[in-house]
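Please look through the sequence and the model shown below before reading on.

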Amino acid sequence: MKAGVGVWLAGGWLCLAVGASLFAPLISVHGPQLPVGPALSPSAPGLPLGADALGRDFLARLLYGGRLSLWACVLASALSLIGGGLAGLAAAAVGGVIERLVLWSANSALAIPGLLLAMLLVAAMGPGLPTVVLAVGLGGTPGMARITRSIFLQLRQSSYVSAAEALGGGRRWIAVRHLLPNARPHLLSLATTNYAWAFMGITTLTFLGLAGDPSIPEWGAMLNDGRSHLFDAPHLALWPGLAIGLTILAVHTLGTWQARLRPGD
Amino acid sequence: MVPVLDRPALGALAAIGRRALEGAVTAWAAVSLTFVALRLTGTDPVSNLLSQGLASPQQVEALRHRLGLDLPLLIQYLQFLARLLRGDLGISIYTNRPVLGVIAEQLPQTAALASCGLLISLAIGLGLGVAAGWDERGLGGRLAGGLAGLATAMPVALTGILAIWLVGLVGQRAGASEWMAALQRLLLPALVLGFASSGAVARVVQAGLRESLKAPYILAAISRGLSPGPRLLWHALRPALPPAISLIALEAAFLFGGTVVTETVFSRPGLGRLLISSILQGDYPIAQGLVILAAVVYTASYVVADVLSLVLDPRLRRTA
Amino acid sequence: MALVALAALLLSACSPAPSGGTSLAYGLTLAPTGIDPHLNASSELGIPLSSVYDTLVFQDPETGQFVPGLAEKWSITPEGRTYTFTLRHGVRFHDGTLFNAAAVAANINYILDPDNHSQKAIFMLGPLDSVEVIDDYTVALHLKAPFAPLLDSLSQVYLGMASPAALTKWGPSDYQFHQVGTGPYRFVEYIPNDHLTLAANPDYAWAPSVYRQSRPGIATITFRFYVDSATRALALENGQVDIVGEIPPQDAQRLTKTDRFRLYPIPIPGQPLEYFFNTRLAPTDDVKVRQALILGVNRTSIVRTVFGPYSPVAQGPLAANSLGFTSEFAFPDYDLAAAEQLLDAAGWVKEPATGERRRNGTALSLHIVAPDYGSNPEVAQLIEAAWKSLGAQVSLEIAPGFGQLKSLQQKGAYNAIGLNFFGTDPDQLRPFFAGQGIYNWTGLQDPAIDDLLNQASQSTLDPAARMKSYATLAQMVREDALLLPIRDYVDLVVANSRVQGLRFSAQGWFPFLIDLRLGP
């Protein structure tokens, strides 16, 4: 399958966002926390994206915010992928009581919508960015366990695994030697979808004001701040809104493309 | 979705009963999960009261005793379940009022928002789905399909702010009116919420339409000279409707969660705002009550959805 | 097509009830946890409820004098320990029961009952010993010590007179939903976070002289909550609401460009928004550090950035419009060089490489706690930035609501904690600066300050002597660098220009709803 313009654009945006946020200290002259210019100005000399309500360099905040928003989601989605993946693998490889237990707890947890489950965890652990990441990661785990189990199960029924079993390979050996490597393309595409969910979850929770310290820039929290100045300084909502929207679109585009690439689907 | 009829030998009624039982067990497990999540973190519901000077140490001890917090965890859990069955969700730490009463106060606002949102999501979803499925390769179809995808992908926070901004600009020109007030209060939030959940409806309708347009009876109708107009659409759409209708139940559950963000964006009172403020204030009997409510609504919706598809789809009924 | 029909259907179902010209929507900006004025402490509750209750005396907002209310006259014994009130005849509660001396006693005893946990009213009564019913229309309050602020307390809604029958009927947990007073407006309904409705009391015939009108002019007043400051201006523009307070300054400027709205900047007496330094935790246990932290913050710039041109920069523990304020001991202006010098002198030396200050290897690290309401998070972030520029490591924690703020304060792990407080009598400083005070957030235990506070409010009723004591206190607070004052509170109220007669009580928060009229 050839990659279309959309895929290139999506990849381009993600590379730009990740690169810009990585090299934030080199790109932006000012830090994200010190007031440096006239508050609420849409642009000023040295401040290409203007200043926020407290006179801080908005470009700097957007870049440093990208670090948190983009990387926090990597952490959160890795958490649900590893946690859910291991549970799914155990269920598929071992079967029996373990499988039933995993399935049953995943299904029960899924009775609470993922975002609400994350909020419940924030309620238990108290607001703050680390809590939000943990909550979104854990909130995505049950769904991941269920999907990975079915993937592993499908693979297990494929002929070469049966052959390995017939040759007397141990269950653990089969799991490690055969199931994991063969699941890689599926897991990769799952990771993309999961990243989109984690990104949406984290920006939503921080948008709802559950991130704690407001001086730390984060896209969701910045979007929420922008709401107060929608009519006198719309740029405060525009830039983080655009960053969030483009990132979600890009991840979705890549996810769809990846899914089409997957053999056998 | 969980398959309804993996045992075709069972009668339809038995299938419904079994599904309801499954739902009840799932709801029980979810409810237990909220209990465990909140207790394992070790937060004591009344210690906050003490540190805020709202109660003396003796009063806190008395309260702890009254709430049964001095008992072993297992007993507490059983008491919690017993109270839950009687509809007792406990007492809010901050306002010292029954959780159920506090939730009931805020329910109408959220119910109004969610039901308006549901109607709108069906209208938009049906429109987009038909447009996308009718002419999949054409510009209109692709546009509708893209819009449906956008509806699913975009967070409510983003579309909500965009909507507030646009309507605000118009409002500043147009001036105050009953229309603008009503628009701000309910219609706009409902529109944003409805748009967000219309993507799923559109996808189901589109898929159904695509399938039935390829079906022999439609091809036969076309070959007999039925023009590709509204009549044909109606014939093609009919089999696509039952899954869409059973989706309504699932939508209801989704909307329940979506109201949290919508209410924050639009600063509407309701269960979503209640949830956020209870989380921030550490009033987690309220948070727990809301999550339990969500779990029950969610599970019940799944059961209703399955039952609906069973009742509506003659093919499923026959195998049952 | 279906969409248009649906929209029309929804709109007809969801549009507001037609307003008949005598109804008004008033926006509240905080959702209080409870609204029983005798038991809860919120200022927000007084906005509607000041008009549900009458008080024994009223304070004239223009002159500051106390005038008769439900008490026709009163006398104070020379040593200041007994206040005797002669009550008005013929006053009836909204439930039809008669107001008399027994009702006064019932109200006071309801507040004093330890099981009811009064959060504010009980403290406003000071060293009250007992209440004595002398006859049906004479009641005496006996104090253990003189208490200068008593009349001020009795003029506020927290000591408003409620129907004893209703208090007994509903009890402390439910009374807040069924309040019954004698005021110009009757309590109709309260749904938390949603709305509170008042209706005119047609029988009201005992208006005090502080009101300009003798009867209410608007049939129903609905209070709605606009907790999110971003929505208030929009609600005014859409006509959802006629009056809202705490409008963000940029919105206030924008709205008043047209003649559709009128801005009422209301200075609120009390203690300014200020950051109390924790004197029990390093490094703010060192007075030099505290002084440096004050000098290192450009207060004027913060106030202009966050509050626009409306709020004065605060200069001491009391706001400039408060009784007891003196400009003699104003706080020093921003002086970065002086701040750096003080920190150097205190041993906190800047590392050339990182720009961070350390002493014996320990970093100068500060933890700020700020409440989430108003513009507090913004102010806290600017203070954080200023202290970072001094070379400190700063962390900021936002407390959602006053309860959490208090909870964080109790844990003691803060160097500076932000708060503002409203009140008319300077005795409001006592809980903040007395060693045993419930808001002693500086942690300072100074017998000299305790003595001064006692002298000022519990030994004399002479205003001049009292004010002198408070001036001395202001001097001590500045010299000890106990706090960083930021801004005097100004409530930006914006009303639709058809609203006429909008006036506020001496406390600044509470509108005289009886005076409101609606123009064309």
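**From a strand pair to a chain contact**

In chain C, strand β1 (residues 23-28) and strand β10 (residues 220-225) run parallel and are joined by six bridges. One residue of the pairing is C:L24, whose bridge partner in β10(C) is C:I221. Strands are here DSSP runs of E with at least two residues, while helices are runs of H or I with at least four residues, both numbered from the N terminus. Two strands pair if DSSP finds at least two bridges between them.

The model is predicted: local features need pLDDT of at least 70 and side-chain atom pairs count only at pLDDT 80 or more, whereas totals for chains, interfaces and linings use all residues. Residues are numbered from 1 along each chain as its sequence is written, and chains are lettered from A and ligands numbered from 1 in the order in which they are written.

Both strands belong to an open sheet of seven strands in chain C, with the order β8-β9-β10-β1-β11-β21-β12 and mixed pairing. Its edge strands, β8 (185-191) and β12 (261-267) of chain C, each pair on one side only.

Chain C as a whole contains 16 helices and 23 strands. Its radius of gyration, taken over C-alpha atoms, is 25 Å, close to the 24 Å that the globule rule gives for 520 residues, so chain C is as compact as a globular protein of that length. That rule is 2.2 Å times the number of residues to the power 0.38. The C-alpha trace of chain C spans about 80 × 75 × 40 Å along its principal axes.

Of the 520 residues of chain C, 53% count as buried, a term for residues with 20 or more other C-beta atoms within 10 Å of their own, the C-beta atoms being placed from the backbone. Which helix illustrates this? In α9 (residues 287-295) of chain C, seven of the nine residues are buried, so the helix is largely enclosed by the rest of the structure. Among them are C:V289, C:R290 and C:L295. The buried residues of α9(C) pack against β13 (270-277), α11 (336-345), α12 (376-389) and β20 (483-487) of chain C.

Chains A and B also touch, with 34 residues taken from each; two residues are in contact if their C-beta atoms, placed from the backbone, lie within 7 Å. On the side of chain B, α1(B) gives the most, with eight residues.

Conventions. A residue is buried if 20 or more other C-beta atoms lie within 10 Å of its own, exposed if 12 or fewer, and partly exposed in between; C-beta atoms are placed from the backbone.
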